[in-house]
Every structure is written in C-alpha cells, then in structure tokens.
Protein chains: 2
Amino acid sequence: MPKQKLSIVKIGGNIIEDDLALNAFLKLFSSLKGNKILVHGGGKRATHMASKLGIESKMVKGRRITDAETLEVITMVYGGLVNKNIVAKLQALQIDAIGLTGADANAITSKKRPVKEVDFGFVGDVKNVAYNAINKLIKAGFTPVFCAITHDGNGQLLNTNADTITSQVAIGMSALFETSMYYCFELNGVLKDINDKNSVIKHIDTNLYAELLNQGIVADGMLPKLENCFDALNHGVKTINMGNTSMLTNENDNFTRITL
Amino acid sequence: MPKQKLSIVKIGGNIIEDDLALNAFLKLFSSLKGNKILVHGGGKRATHMASKLGIESKMVKGRRITDAETLEVITMVYGGLVNKNIVAKLQALQIDAIGLTGADANAITSKKRPVKEVDFGFVGDVKNVAYNAINKLIKAGFTPVFCAITHDGNGQLLNTNADTITSQVAIGMSALFETSMYYCFELNGVLKDINDKNSVIKHIDTNLYAELLNQGIVADGMLPKLENCFDALNHGVKTINMGNTSMLTNENDNFTRITL
C-alpha cells in the first residue's frame, strides 16, 4: 500500500511578526490538502520581549546564547504567545490544530549541546522524533503545530532551531508517510545574487549545491537550511521546496526545489 | 459495561509558585492510577510578569480585568512558561503529558463575557467541552494538562477561571467516564473557622452547604469553588474532594468530601 502524504511546513519570524502576513499564510496552510504539520519559530518577538524584561540578548558568533532567563522568555513567547495564537487562528479556519513543544506527547527529545568553545546554554540538539506519538495525533484528526522547543526527557526544556526541528520531524515522519517539506521565508527562494530578489535558483541538486558552495554563492543564513535539506533528502524525505509562502499555492514555479 | 475511571485534578497558584511543592505534587499526581487530567492556573506569576513589563493589574471588585496586554501575559505565562514546564516535569516522571489550552484540539470553547456593569475584557465563560476530542487524547495514552485559557472558536483566546475549567471538563468527561474531581489548594479543606487550619469540615452535602451559606461560614474565595462542586455533582460528576495535595495519597481523611 502506498504511503499517505504528509506536508511539513516551516514559517519564519518575519511572517509571525506581521499579523496580516500570518493570517494570509494560515489561510493558505489551512487549504493544503491531506495531513500536515506546521513548525514555527518566533525569534524577533522573543528578543523584543527579553529586552522589555531587561534581559540582554547574548550572541556569540551570530548565535543566541540561551541562559536560564532567555529560556523562560522563549518558553513564554514560542510555547505560549505565538503557538497558542496560531492554534486559535487555525481553529477558526476549521483546522483542528494542537500546539506542541517537543515535551508534549514526548514528541521530540534532544540533548543539551555540550560545552566546547562556546557554551550555548539551554540549547538542544535533536536526538529522537517520536513519530508514532505524532502519528497518533494525526490519525486522531489533529494538525500538530510545533514551536522551536524540545526537552531532554529529564524535565528540562531546551531551545532548538526551528529549521532543524522541521527537517528532523520530516525525516522521522518519513517512516510512515511520503513527506514533503516546505521552508517558507521572506525571499522567493535561494538566490544566485543576494541583491537581486528575482535571481531565484529554481532547482538545486547535490552537484549544483557543491558548486554553489565552492563558488561561495550561498549566503550565510541559507547554508544550514540547505544542509538540513540534503540531510532530509538523504534520510527519506521525498520533496523539498524553499521560498515564500506563495509556493504553497502551486500557482507559480518561482521557488527553489531541492533534490539529490 | 461500567465506565472507566477518570480523575481531574486542579492545582492552584501557591503550588505553582513553589518549585519544591510543585515537584512533590507532580510526583503524587504521576502515581495516581488510571486516566487523569491536570488543570492549573498560575495567577501570581502572571501578575508578577505583568508588573515586570509595566502592565498595571486592573482589578474591579476583586476580579482581574483582562485587557489585551494582560491576555498576552496570561497566554505567555499560563500557556507557555507554567504549562510547558509542568509537561516536561511529568514526562520525566514517565507520564506522557500533553499541554493544552482550550484552543488546542478545540477542547474548550467559551463565550466572551458580555459587558454589563463591569467589562471584564478578554474573559470567557465555558460554552462547550469537546469531551470526544479530549477522550481521543486519553485513548491515545496521553495525559492532558490544561491551563486556564479557552477560545471562542473565531481565533480569540480568552482567560477563563481554572476552577470552572476543572468542573466543566469534569462534567463533560462524565459522559464517558466515572469522574472524580479534586480541588487542591493550600488549606486542608473547607474550614469551619478560617483562623483554625484544623477546623476542616470533612463532609459537605447539599443541606450542610445551605446551612453554611445561611450562617455565613463559608469564606469568600470558597464560595465559587463550592458552587462549581455542586454544579458538577448535579451534572454527573461522581466524587469531589477538596483539600491540600496530600488527599491524593488516601493516607488520611483530613480533607473535605462534597456530595449531594
């Protein structure tokens, strides 16, 4: 029997910051046919809330350090404010959403990142995706909405990159479903020229990826995303698209497809 | 076929404020046999967070007014910080918890309280408990953990009294289960003399309740709790106990049983 299809869609901070954009996206998402999972971050709002609370955002090499206070803010903003408002909005669109961190349903376990040159604090690297638990929710008719928080199984919540959660959940669910993964962000896709928003590379395969890396064409922020994509494809994920949310409509082909 | 048993336990703000007390309670809760649901508030922490953010807590006749800013704080604190930490702690105790607002799984729908003498703001009165949806989670092996937030079905989250959520969920679930409801708070039970913590009234039935009301013995804060209890008993809830968390151990009888 062929596997059922499952779409895993990740939205970034820019959509979350903009109520109109978020509403438009959620309408698109709700019209996606078949089983689906949403993953969201919420970075800027967390930074904003931290600063309101007088908590300094500590960055090392462009990456956020998650101390105990920052983890509290992230838990409030990602797990509470952003996640629960998205769930309520999806319910209004007749999508029976259920908001989750990795602790809920024990869905995503991670390991606190070991301290080497940098102590990232309460940051977790994904160790296990409980695809059977997530599947129970899907089979019961719910649409899981994950925020970028996992847990270590010993009572500790951990801040975890939303792109990585997305690819790891996609990989995990591939045991049961034919999975499609969508990275939505503010650009139309991976760009050849970061200054030209219309220079979308419409298809990247393993060879082109190597070439782009060699030529230094891929921008910094795009690198880990592409790494996640090829990891996902190498571990059972069927199709991957990157671009702005309009790629979900299938009305144009102005986005980046990733294949092996 | 006799109905399966289900325990619905509500903990108050005092336990949540105290990490040691919370851990001790969660250990007790995790050892409860059979199906169970946890409901929590988190009032003081929300007030504290609101004041940190410079949001004034507005009270009218001793009741909090939930304006838009306050609702944001409540969503962050109840739905994020408190709920997700409880879920992670329960997972560490091998309870497969799943944290919920009423929006998640469309579990609890409410109606924004109409503006009469007082405009309570974003406060919801429970309209519907989707017991079949909650039952799907229980049947899948999950332990629901509700915070004191519901939604109106049109995308609006609403602040809702945790005691009321507890009794309404207990009533709803009584369609499918033989339900026991536990109101845990800092006192040993309903007290005859508010100044004597050992003056626990061990059993209150409808007649005694009327007598206590007449004599003005029941303290203000206890009144709505008792009203919820009798409402619950009149709508199918089987047993109700009120007292501190030690009543969950069945090791003493120093708590208040409520019956019709």
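**Entry 1: a bridge partner in the sheet**

I looked up A:Lys10 and found that its bridge partner in S11(A) is A:Tyr183. The model I am reading is a predicted one. I then followed the two strands concerned: strand S1 of chain A, residues 4-11, and strand S11 of chain A, residues 177-184, run parallel and are joined by eight bridges. In general, strands of a sheet pair through backbone hydrogen bonds, either parallel or antiparallel.

I next traced the sheet to which these strands belong. It is an open sheet of eight strands in chain A with mixed pairing, and I noted the order as S5-S8-S2-S1-S11-S13-S14-S12. I recorded strand S5 (97-100) and strand S12 (203-204) of chain A as the edge strands, since each pairs on one side only.

**Entry 2: chain A as a whole**

I counted eight helices and 14 strands in chain A. I noted a box of roughly 45 × 45 × 35 Å, along the principal axes, for the C-alpha atoms of chain A. I compared the radius of gyration with expectation: a compact globule of 260 residues would have a value near 18 Å, and chain A agrees, with 18 Å. Of these 260 residues, 50% count as buried. Among contacts in chain A with a separation of 6 or more, I found that 72% are between residues 24 or more positions apart.

**Entry 3: how the copies are related**

I superposed chain B on chain A by a rotation of 180° with 0.0 Å of shift along its axis, and the RMSD was 0.0 Å. The two copies are thus related as by a two-fold rotation axis.

I then examined where the chains touch. I found 34 residues of chain B in contact with 34 residues of chain A. On the side of chain B that touches chain A, helix H4 (68-92), strand S5 (97-100) and strand S9 (149-151) of chain B each supply at least two residues. H4(B) gives the largest share, 14 residues. By class, I recorded 14 nonpolar, 13 polar and seven charged residues on this side of chain B. Because 100% of the interface residues of chain B are also interface residues in chain A, the copies meet through the same surface.

**Entry 4: the nonpolar core**

Which residues have the most contacts inside the largest nonpolar core? I found A:Val77 and B:Val77, in a core of 156 residues. Leaving aside neighbours within four places in sequence, I listed the contacts of A:Val77 as A:Gly42, A:Arg45, A:Ala46, A:Met49 and A:Val82, together with B:Met76 and B:Gly80 from chain B.

Notes
Residues are numbered from 1 along each chain as its sequence is written. Chains are lettered from A and ligands numbered from 1 in the order in which they are written. This is a predicted model: local features need pLDDT of at least 70, side-chain atom pairs count only at pLDDT 80 or more; totals for chains, interfaces and linings use all residues. Copies are superposed by least squares on the C-alpha atoms of residues with pLDDT of at least 70 in both. Two residues are in contact if their C-beta atoms, placed from the backbone, lie within 7 Å. A nonpolar core is a set of buried Ala, Val, Leu, Ile, Met, Phe, Trp, Tyr and Cys residues joined through C-beta atoms within 7 Å. A residue is buried if 20 or more other C-beta atoms lie within 10 Å of its own, exposed if 12 or fewer, and partly exposed in between; C-beta atoms are placed from the backbone. Two strands pair if DSSP finds at least two bridges between them. Helices (H or I, at least four residues) and strands (E, at least two) are DSSP runs, numbered from the N terminus. The radius of gyration is taken over C-alpha atoms; the globule rule is 2.2 Å times the number of residues to the power 0.38. Ala, Val, Leu, Ile, Met, Phe, Trp, Tyr, Cys and Pro count as nonpolar, Asp, Glu, Lys and Arg as charged, and the others, Gly among them, as polar.
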